[in-house]
Amino acid sequence: MEKLKVGYLSLVKGSWINDKLEKQRQNALKALKELDVELVDCGLLIQSEAEADAVCKKFDAERVDVILAHSITFSLGSVIPGMAVKLRVPVIFWSEPEPPMTGGRIEANSFCAANMNAHALWKMNLKYSLVYGNIETVMPDLKAQLKTISCVKQLKNIRIGSAGGRVPGFYTSNFNELAMREKFGTEVEGITLLELVKLAESIEGKELAEAVAQVKGACKCSVSDGDLNKAGALFAAFVKLTEKYRLDAWTVRCWPEFSDLYGIGVCHVLGCLTESGVPAACEGDVYGAVAMLMVKSLSGSDAFFCDLISFDQNGDTGLFWHCGAAPVSLCKPGCTPELCTHSIIDGGGKKGVAVEFPLKSGPVTVIRIGETRNGDGYRLLSISGEGIDTEQMLHGTPLTVKFNSPAKELVEKLVDSGFEHHYVLCHGDIRKELRQFAKLLDLELIEL
């Protein structure tokens with residue numbers, strides 16, 4: 001993936017110049033070069049609009065994705081608004097704590113500069129955020145913010161393969177293709193189930209053997225060799241079509257006809273795709289695939305596409321589950337994933353291949369992207385909680401989550417607000433990143 005281009009802007013006020021400021025600038029550059037970004041340095045301590053104009057042209061030529069405006073001291077209020085409106089990229093204000101005060105003149109006034117400039121960008125409806133701290137303390141917050149901006153950039157270049165469209169009656173899997181493309185930049189490529197199945201049926205020899213080995217992995221296996229071979233061939237077909245159509249994610253009409261067309265379900269193969277770096281959502285849910293890409297980018301964790309199937313208002317927990325498409329990277333330590341016949345297809349126990357295991361515990365974030373009721377925008381749901389130790393209490397892949405808010409109120413909010421029944425869960429707390437993501441894309445944010 002192409003690295004984020006960060007334009008570093010070191011700002012000072014001419015009458016406050018001293019010998020320490022250039023050293024401070026160089027120390028900042030040294031720390032920034034440790035981040036996984038492409039750094040475009042302004043090259044000097046910016047004091048005037050003329051200097052800023054030259055840097056603006058440089059940033060424009062380099063096509064920076066974000067401006068990091070480092071207020072080393074107080075600075076002119078016209079520099080950042082002028083640059084931001086020309087470049088039309090987000091601005092991160094970096095403000096540092098005031099040096100120790102010992103009775104003399106103010107030395108930096110860094111936060112005041114950021115505060116002043118933030119007002120101007122707010123009035124102009126331009127995107128900005130703040131990080132506050134010195135070089136030793138600010139980097140984790142800055143890294144998280146840059147990761148979010150990188151995620152937004154990534155989505156603008158994403159292509160999702162929709163195999164067969166959505167499943168019947170699942171209006172929660174509907175999507176507005178042009179509105180999604182305008183908001184996120186994401187494209188959708190329609191692919192027929194016929195092309196997918198015919199390609200899978202042609203896979204053989206060494207290619208088939210390698211795909212079967214990847215699908216089986218370290219899992220226990222209680223399905224027939226025939227079903228396992230079909231799963232391997234299907235995985236290989238997905239890989240080929242991913243390359244053919246230049247795809248970054250998938251969504252599949254996984255029922256009702258898929259198992260009749262091909263002889264097995266697609267569940268575990270979708271989990272294998274997700275673990276291979278190509279997230280795959282069930283039941284034709286395109287917004288679900290977008291959410292899977294998002295949480296992978298923001299958390300580094302493989303995504304779990306799931307339903308909320310029950311909740312306990314006394315313990316403030318909910319059970320997230322799906323029928324066998326979770327990536328095995330999410331398996332609870334000490335458990336071994338098992339490849340099984342599907343528990344639902346044709347009444348259950350007849351056709352493979354689904355995977356079964358309880359998910360690992362730890363902090364989790366659950367999200368949902370969807371349209372607003374009148375269809376003129378998008379909203380983002382964020383639920384935080386703690387995945388707790390879960391047993392294999394039913395077929396599929398379960399995880400019990402202890403919510404950070406009362407379960408009854410949370411569920412009532414989900415239903416009263418008309419949220420879709422598909423959710424995307426990731427391990428890790430990415431609430432801050434989601435707030436910035438919603439702000440950057442003007443999404444309605446609902447946090448529970």
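Two strands pair if DSSP finds at least two bridges between them. Helices (H or I, at least four residues) and strands (E, at least two) are DSSP runs, numbered from the N terminus. This is a predicted model, where local features need pLDDT of at least 70, side-chain atom pairs count only at pLDDT 80 or more, and totals for chains, interfaces and linings use all residues. Residues are numbered from 1 along each chain as its sequence is written, and side-chain values use heavy atoms, without hydrogens and water.

Start with the pairing. Strand E13 (residues 338-340) runs antiparallel to E14, with 3 bridges. Cysteine 340 has alanine 354 of E14 as its bridge partner. Both strands belong to an open sheet of 3 strands, ordered E8-E13-E14, with mixed pairing. Strand E8 (220-221) and strand E14 (354-356) are the edge strands, each pairing on one side only.

Now the helices. Two packed helices are described by the angle between their axes and the distance between the axes. Axes here are lines fitted to C-alpha atoms, for helices over the stretch in contact, and angles run from 0 to 180 degrees between N-to-C directions. Helix H5 (residues 135-155) and helix H14 (residues 431-441) have axes that come within 9 Å and cross at roughly 50 degrees. H5 is therefore oblique to H14 (under 35 degrees is roughly parallel, over 145 roughly antiparallel, 65 to 115 roughly perpendicular, the rest oblique). The contact (heavy atoms within 4.5 Å) includes Ala144 and Leu155 of H5 and Phe437 and Leu441 of H14.

Finally, the whole. The protein has 14 helices and 19 strands. Its C-alpha trace spans about 80 × 50 × 45 Å along the principal axes.
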